[in-house]
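Here is a friendly walk through a two-chain model, written for someone who likes cut-offs stated plainly. Please keep the structure open beside the text.

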Amino acid sequence: MKKYFEASPWILLKIFLLGGLNAFALWAIPILVMNKTWIFAVYIGVSTLIIDYVFLSKKRIAAKYIVPGVLLLVAFQIYPALFTGYVAFTNYSTGHILNKDLAIDVLLSNSYQSAPDAQPLAAQIARDKATGEVTLLVQRVPGEVTAATKKGSRLIPQSEVKFDENGSLNRVEGFEFISEDEGYTLLEDLSAILAPLGQNQFVRLLDLTSAEIVVPALSYDSKKDVMTNTGTGIVYRPNEFGSFVSEDGTEELEPGWQTRVGWYNFERVIEDPRYRAPMVQVLTWTFIYAFLVVITTFFAGLLLALTFNHPKLKARKIYRSLIIIPYAMPSVLAILTWAGMFNEENGIINRMIGTQLPWLSDPTLAKAAVLIVQLWAGTPYMFLISTGAIQALPSEVMEAAQVDGASTTRTFWSIKLPLVLYSLTPLLIASYAYNFSNFGAIYLLTGGGPQIIESGGIAGHTDILISYTYKLAFTAGKGNDYGLASAVSFLNFIIIAVLSTYAFRKSKTVESMT
Amino acid sequence: MTTEVLELKRHKMSVGKWARVLGWRHIVAFLTIAFALFPLVWMTSASFDQLGLVSAQKLIPTNAGLDNYRKIFSNPDAPYFTWYRNSLLISVLNAFLQMCIGAVAAYALSRFRFKGRKTTLMTILVVQMFPQLLAVTALFLMLADLGKSLPFMALGSPIALIVIFAGGALGVNAWILKGFFDTVPMEIDESAKVDGASHVQIFFRIILPLVVPSPAVIVLLSFIGTMNEFVLSSVILGASGDPNDLTLAVGMQRFIDGQYNQQWGPFAAGALLASFPVMILFLYLQKYVVTGLTAGSTKG
């Protein structure tokens with residue numbers, strides 16, 4: 001009995017948390033199912049069941065500790081990685097976001113245009129007292145009132161309608177008129193009204209006091225899967241890239257829909273001159289950039305570590321604290337500050353050396369600027385790990401070298417460097433992989449620029465794969481190409497995986513770490 | 001090497017020897033420190049320079065004053081304090097979650113032998129090679145879809161950002177923590193078990209207190225890392241188009257982007273105030289940071 005009381009606050013907490021999770025799942029899953037996002041619904045359902053099982057079971061002790069982290073890892077790290085792979089094989093992009101059914105709906109509803117002989121109709125905006133719905137009261141023929149809502153339209157019996165002397169609508173039973181001022185605040189709801197009014201004709205708001213009759217310009221035949229323009233008679237058929245295209249191939253209807261396009265995105269990267277040339281350039285620079293950053297910062301850090309690793313050097317601690325300041329500064333703000341200092345017209349750097357160098361708009365200088373900033377930002381880290389490695393060097397070896405009469409340079413190249421390199425290799429590999437996708441270093445300083453003209457302005461001379469991907473996905477002027485961006489991301493994934501596996505294998509660190 | 005060691009044995013050095021052995025080291029130190037402090041010095045100088053132009057800046061401003069600070073504090077398009085608050089909230093919550101999820105998993109990986117342990121360890125190691133920012137497009141599309149059903153997971157929601165970060169908790173941090181837990185001998189657990197302690201009690205009352213400074217360091221390192229995060233914050237929080245949703249890193253970038261000549265002074269003031277707490281925290285924790293680094297992490 002006593003034990004029960006001791007444990008009770010924890011049991012209550014557990015019941016509370018599990019109950020909360022299950023309540024959340026019961027609330028979320030129906031909504032997810034309603035929106036047809038099956039994968040999320042299934043994942044939340046399965047995760048909840050697993051957690052319930054693990055935490056209610058007496059045996060699964062290790063799982064209690066590890067399952068929450070693993071479920072989050074799968075949802076937000078592994079699934080996105082796999083999803084990147086999937087998107088790489090689709091045409092997901094601006095204009096190809098919707099699925100086909102939705103795209104057809106949008107095409108049809110966008111195609112409404114004023115009926116050829118139509119006159120504006122008198123209309124009054126009102127609110128249905130029973131449902132609260134915003135309604136359009138339209139007189140198709142004077143004296144005959146139709147109530148149109150988002151859902152449809154109905155004719156109002158003459159007995160419920162009252163007009164004043166000059167024939168304007170005075171009162172309709174069951175409706176409350178809305179003033180024009182209030183109408184402005186409801187524009188979004190009002191313009192969503194598109195209600196059938198007679199054969200293949202629809203009514204919609206023109207301005208706050210009138211409505212118009214519209215007809216769809218396109219009609220869709222679901223059996224033949226073709227779109228026809230009822231006015232011109234042009235027939236549009238779906239192509240393999242998720243768009244309806246006219247028979248002569250000159251006209252494409254917007255929007256299209258999302259569909260799988262096989263290796264098309266990868267083919268574009270390899271074959272399309274607009275992407276191939278910049279891609280080769282970006283890829284080459286990514287390799288060189290990451291390599292140069294690791295080499296320069298490592299040697300700078302190692303030399304500094306050797307320089308300050310002298311027992312008689314006073315102020316060693318203060319020097320060390322000051323030298324690692326760049327590592328302590330928030331890197332985003334530091335890089336933005338560097339960008340200001342490299343400012344071409346009158347940046348501090350140009351004024352200090354008395355030049356007018358276009359640091360950020362000349363391809364070579366921009367690359368130099370990126371490397372200088374990374375030398376600044378990366379050296380402290382290398383300095384710290386090199387200091388650690390040097391201090392861990394076995395003293396017997398150093399003494400033996402001294403006894404044998406080896407010179408300082410000789411001990412450095414033949415003993416210290418190989419030993420330090422050996423212990424730091426895993427960190428250097430990790431550093432290479434990190435710099436390979438160090439988005440901020442590039443994007444915040446140069447924005448990837450200056451532009452490579454053949455790329456249509458998307459890729460720049462200092463762009464690395466990850467910043468190029470980001471620009472393709474989120475900032476390309478013509479629209480965002482998520483499919484192509486994912487294909488490039490996917491390539492980035494593979495390159496890092498191959499490089500790291502190869503490097504780790506060679507240095508045999510994986511075995512020693514697990 | 002030989003000469004150095006011999007000289008150390010003497011108490012006093014001649015000036016010539018001092019220059020040869022130690023003097024040049026001081027010179028290297030001064031040059032390096034000048035380079036290291038270069039941006040910080042100019043940031044400070046610019047923040048007090050009332051002209052606020054990149055083009056007219058001097059190292060010691062001729063008309064020093066607090067105008068730039070007033071400007072950054074009262075700009076309705078750049079709600080500096082809101083960004084500061086967002087950054088702090090997101091970073092604190094994330095650091096706390098990283099710690100909770102990472103530490104419990106690390107405990108299990110360090111203490112229990114169970115089926116799938118090796119696989120989990122390998123997965124953690126492999127996943128570290130694929131930072132979440134590589135999948136930023138997929139995460140963006142995922143939230144665009146998920147947000148239609150669950151508003152708190154929509155683009156623009158800080159909760160969505162924190163949950164996504166939590167997905168990375170079984171990464172570097174769990175790995176480092178496992179290393180710390182491994183240093184506590186298993187015999188301690190066993191004797192506690194004999195005395196009737198449960199696995200929860202062993203974790204909270206015995207193991208955690210024994211490694212106590214290290215989890216705190218992990219919390220602070222993930223705090224600093226989140227303060228610095230740019231890509232995911234920019235894509236997820238920036239999607240709403242409301243400047244009040246942004247963090248400091250993203251907000252300051254949008255504030256200064258393409259406006260170096262006009263906004264240099266206010267930017268420097270804001271950047272300086274944002275950098276100081278992080279830098280002080282970092283320098284204060286230096287010695288722990290080094291241990292964390294050599295345990296296999298990289299910055300970011």
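## Domains of chain B and chain A

In chain B, the C-alpha centres of domain 1 and domain 2 lie 37 Å apart. The assignment for chain B sets domain 1 at 2-71 and domain 2 at 79-257; such bounds come from an automatic or database domain assignment. Chain A is divided into domain 1 (2-87), domain 2 (96-111 + 222-262), domain 3 (114-216) and domain 4 (272-513). Between domain 2 of chain A and domain 3 of chain A, the C-alpha centres are 32 Å apart.

Before going further, please note that this is a predicted model, in which local features need pLDDT of at least 70 and side-chain atom pairs count only at pLDDT 80 or more, while totals for chains, interfaces and linings use all residues. Residues are numbered from 1 along each chain as its sequence is written, and chains are lettered from A and ligands numbered from 1 in the order in which they are written.

## Chain B as a whole

Chain B has 15 helices and zero strands. Here helices (H or I, at least four residues) and strands (E, at least two) are DSSP runs, numbered from the N terminus. Of its 300 residues, 43% count as buried. A residue is buried if 20 or more other C-beta atoms lie within 10 Å of its own, exposed if 12 or fewer, and partly exposed in between, with C-beta atoms placed from the backbone.

Contacts in chain B can also be sorted by sequence distance: among those between residues at least 6 apart, 70% join residues at least 24 apart. Two residues are in contact if their C-beta atoms, placed from the backbone, lie within 7 Å.

## Where the chains meet

Across the interface, 85 residues of chain B are in contact with 87 residues of chain A. On the chain B side, helix H2 (residues 15-48) gives the most, with 13 residues. By class, that side of chain B holds 61 nonpolar, 19 polar and five charged residues. In this scheme Ala, Val, Leu, Ile, Met, Phe, Trp, Tyr, Cys and Pro count as nonpolar, Asp, Glu, Lys and Arg as charged, and the others, Gly among them, as polar.

One helix pair spans the two chains: helix H3 (residues 61-87) of chain A packs with helix H4 (residues 80-111) of chain B at an angle of about 130°, their axes 8 Å apart. Axes are lines fitted to C-alpha atoms, for helices over the stretch in contact, and angles run from 0 to 180 degrees between N-to-C directions. That angle makes H3(A) oblique to H4(B); angles under 35 degrees count as roughly parallel, over 145 as roughly antiparallel, 65 to 115 as roughly perpendicular and the rest as oblique. Ala62(A), Tyr65(A), Ile66(A), Pro68(A), Gly69(A) and Leu72(A) of H3(A) make the contact with Ile101(B), Val104(B), Ala105(B), Tyr107(B) and Ala108(B) of H4(B). These residues divide into ten nonpolar, one polar and no charged.

## A pair within chain A

Helix H7 (residues 264-271) and helix H8 (residues 273-308) of chain A pack at about 70°, with axes 5 Å apart. H7(A) is therefore roughly perpendicular to H8(A). Arg268(A), Val269(A), Ile270(A) and Glu271(A) in H7(A) meet Tyr275(A), Arg276(A) and Met279(A) in H8(A). This contact has four nonpolar, no polar and three charged residues.

## Buried or exposed?

Helix H6 (residues 136-146) of chain B is largely enclosed by the rest of the structure, because nine of its eleven residues are buried. Among them are Phe140(B), Met142(B) and Leu146(B). Gly405(A), which follows H14(A), has a positive phi near 80°.

Ile429(A) sits in helix H15 (residues 408-436) of chain A and is buried, with 20 other C-beta atoms within 10 Å. Beyond neighbours within four places in sequence, Ile429(A) is in contact with Ser500(A), Ala503(A) and Phe504(A). Lys36(A) lies in the loop between H1 and helix H2 (38-56) of chain A, and counts as exposed with 11 C-beta neighbours inside 10 Å. Although it is not a glycine, Lys36(A) has a positive phi of about 60°. Most residues other than glycine have a negative phi.
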